[in-house]
Amino acid sequence: MVASLVSLLCLNVCGSSSGASTPKTKRRVKNPRYSNSSPRKRRNQNVYGSSSGASTPKTKRRVKNPRNSDSSPRKRRNQNVECGSSSGASTPKTKRHMQSPRKSDSTPRKRRNLNSSFSDSPRCDSKITTIPNYGSEDDSDKEEEEVTPPFVVPRVARMFMDEEDVEVEETCDNVTLEWLPQSPQPSNCVSTAASPTPILPSPIEPSNKFQFEWRAISMPQIEPHLRREPFSQISGPTVSFTKPYEAFISIWDNEIMEVIVRETNIYALQVTTAMLENGNLYPHSRITHWRDTNVNELYVYFAMVLAMGMVIKNRIDEYWNSSRDIFSTPGFSTEMSYDRFVLLSKCLHFNNNKNLNSAMLTGSQAKLFKIKPIIDHLNCKFSKLYNLSQNVALDESLTMWKGWLDINQFIPNKAATVGIKTYEVCESQTGYLWRFEVHAGQDTLALQEDDPVSGGVPALVLRLLNGLEHKGHTIWMDNYYNSPSLARELKVRGFDCVGTLRTNRKFVPSEFQKITKNDMIVGQVLGCTSGDVDIMVWRDRNRVALISTYHGLVTTRCGDTFKPTVVQDYNANMGGVDRKDQLLAMYPIERRKTTVWYKKFFRRLLNVSVLNSYILLKDKSLAHRNFRKALITELLAVHKKPKPTIISTKSQVHCPAPYPFVKSGKSDRLRRKCAVCPKRSNTYCKVCNVAMCIYTCYETYHTLH
């Protein structure tokens, strides 16, 4: 009981089963100088010694992270270290002061700034970044009274049972927590923890959900798969599809297309009226040629936008290049004229501006008003058409926008760096986007002081996961979202939660907040548990804190090194959102230059819907690029406007006739120029509709043509 906390919790993952000295983890050494077992020299120190026993002055050398070839303790920076000659002759020794010495046996070394036991008092964050919280649904902290199959009672109930109801070997105060580090058996990526048979809990309502009693993890540990929530859902598409067109139409159905057509026609009328009132409407203005669009034309427009993501050019007018050279793409001009495409791009609209009532909306809702119908529709369709598998990733994505925009965000580790941020829930394996929310600032909401999950970040997570409760999904998140209170709330709702953790979060033991990478050796793991929530600190190149609801301190061997199993699982399942972004980066339809941010964001959503359609089709024999080509071809074939029937003129009789608007005695300016001679004529051919002189040029023209 008098041992320090680290000696109670330290689990050295590097070791051998024979009881020999623990092998040290490899370190990078800059400019190594010695191959023998003598300790290396440190900078700012004069070390003397030679093989003959005589003291010879050596030159100061600067060594970064030296590594010894024997089991002698490593020297520390800014410390005076004894050094003797290899021949055994006595040489003057400098005063030696070693801090946190490393021993050759497997006994864990003591750490500084650690208490002997965990404190139960919570510690609040100094600052917690919040995010937009608008449009949230009423989330209740109460569990469901009855859960019918295939739902199961969450395992978190075990932690909130009374002491007399739970059969425990020893209480937290009486249990002896000292044990030697376990030496994992050699295997290839196989769990090394023991697996006793767990005691199944009974569903008992928790007395205090957010009272965390941290204690050491019992040894041997329960295997992670026995603590994990059972998955009870059949993953995959809810509707079967046979063609790419069918999967795409299931998302962009006729209902939403009618909304876009109606709002586009209304906006075109509003633009024309505004230009007319301001005196900016001229006879040569492109908007004067506007005609109302329809659903078929809009599908063709979508097909052309998707084709621009596969045939990439720098300027839009280059797609309508009519020159017969290597740069020509005649297919675009045959489907739609350049002026019509530009008009549709300009007038494309999704919500009537006259319906915007800022007094009835929050700041975030007002900013997203013009794109809100598309966001709501896609969220509904994405979640309805697909059942997620067990592993789900929650992360941010960024749509590049370098113009001025007050909702712009800067994320340096994203490819876009600056742009419109969305919080997304994606399937870890396929990258299917199940639900998303656009970051549009922060709305001020009344926070409940007694509810740790009432903040912006926990409320955002619960909104995004609404509808997945009690199905056994595992949510993989980074340290921006994770906290012990959120992990317990998700466990109560039937989720598992895994990810990195910021140690300054509320309810994290204060002892873990003081641990630095200098207090640990490479490969060392410290951990504690409150029963349903585990917190681990692992030393790699830096200190890494993780949280999990089922992993514990189980380690995995891969090659010559041991790693916590939670780290490997996190690396394998966290990249769902990044996988989606990588698949979309090959077809950048949203890269078109535009001065309207929500139209560019709409193209991003259109691109995502195509990827989701590809996953919905579930045809592994069809590559992603071939899927897009087939989709574009089918959209044009189904919705392309039929060409007008050309009436043959061979059976008609050519005859001349005078122009009806040319009257005798009027000026010659009303006459038309002859197609053969330079004269002006008031007669023409009715079939050819070409002006020509009736006596001199009529026969000549028809002979040549």
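Residues are numbered from 1 along each chain as its sequence is written, and side-chain values use heavy atoms, with hydrogens and water left out. Because the model is predicted, local features need pLDDT of at least 70 and side-chain atom pairs count only at pLDDT 80 or more, while totals for chains, interfaces and linings use all residues.

The mean pLDDT of the chain is 74, where pLDDT is the predictor's confidence in each residue, from 0 to 100. A value of 70 or more is reached by 66% of the residues. Over residues 1–206 the pLDDT is below 50. That stretch still has 361 contacts in the model beyond near neighbours in sequence, a contact being heavy atoms within 4.5 Å. Where pLDDT is low, the predicted coordinates should not be read in detail.

The secondary structure comes to 17 helices and 19 strands. Helices (H or I, at least four residues) and strands (E, at least two) are DSSP runs, numbered from the N terminus. Of the 705 residues in the chain, 47% are buried. Buried means under 20% relative accessible area, exposed over 50%, and partly exposed in between (1.4 Å probe, protein chains only). The chain exposes about 37700 Å², of which carbon and sulfur atoms supply 50%. These areas come from the Shrake-Rupley method with a 1.4 Å probe; for residues, only the protein chains shown count as cover. Among contacts between residues at least 6 apart in sequence, 70% join residues at least 24 apart.

The largest nonpolar core has 118 residues. Such a core is a set of buried Ala, Val, Leu, Ile, Met, Phe, Trp, Tyr and Cys residues joined through side-chain atoms within 4.5 Å. W252, F302, I371, I374 and W597 have the most contacts inside it. Helix 5 (residues 295–310) gives the most to this core, with 13 residues. Beyond four places in sequence, F302 touches F248, W252, M257, I260, F602 and L606. A second, separate core of 13 residues includes V498, L546, Y550 and L553.

Helix 3 (residues 244–251) is mostly covered, with six of its eight residues buried. These are P244, Y245, A247, F248, S250 and I251. They pack against helix 4 (254–278), helix 5, helix 9 (372–385), helix 15 (597–617) and helix 16 (624–639).

Strand 10 (residues 524–529) has six of six residues buried, so it is largely enclosed by the rest of the structure. Both faces are covered: Q524, L526 and C528 lie on one side, and V525, G527 and T529 on the other. Strand 10 pairs with strand 11 (residues 534–539) in the antiparallel sense over five bridges; pairing requires that DSSP finds at least two bridges. V525 has W538 as its bridge partner in strand 11. The two strands form a hairpin with four residues between them, and G531 in the turn has a positive phi of about 105 degrees.

A691 lies in strand 19 (residues 690–691). A691 is buried, at 7% relative accessible area. Its C-alpha atom is 6.0 Å from that of A675, 16 residues away along the chain. Beyond four places in sequence, A691 touches Y659, R672, K673, C674, A675, T683 and Y684.

The count of disulfides (pairs of cysteine sulfur atoms within 2.5 Å) is zero. For C674, the nearest cysteine sulfur is that of C677, 3.7 Å away. C674 counts as buried at 5% relative accessibility. For C685, the nearest is that of C688, 3.9 Å away. C685 is also buried, at 0%.
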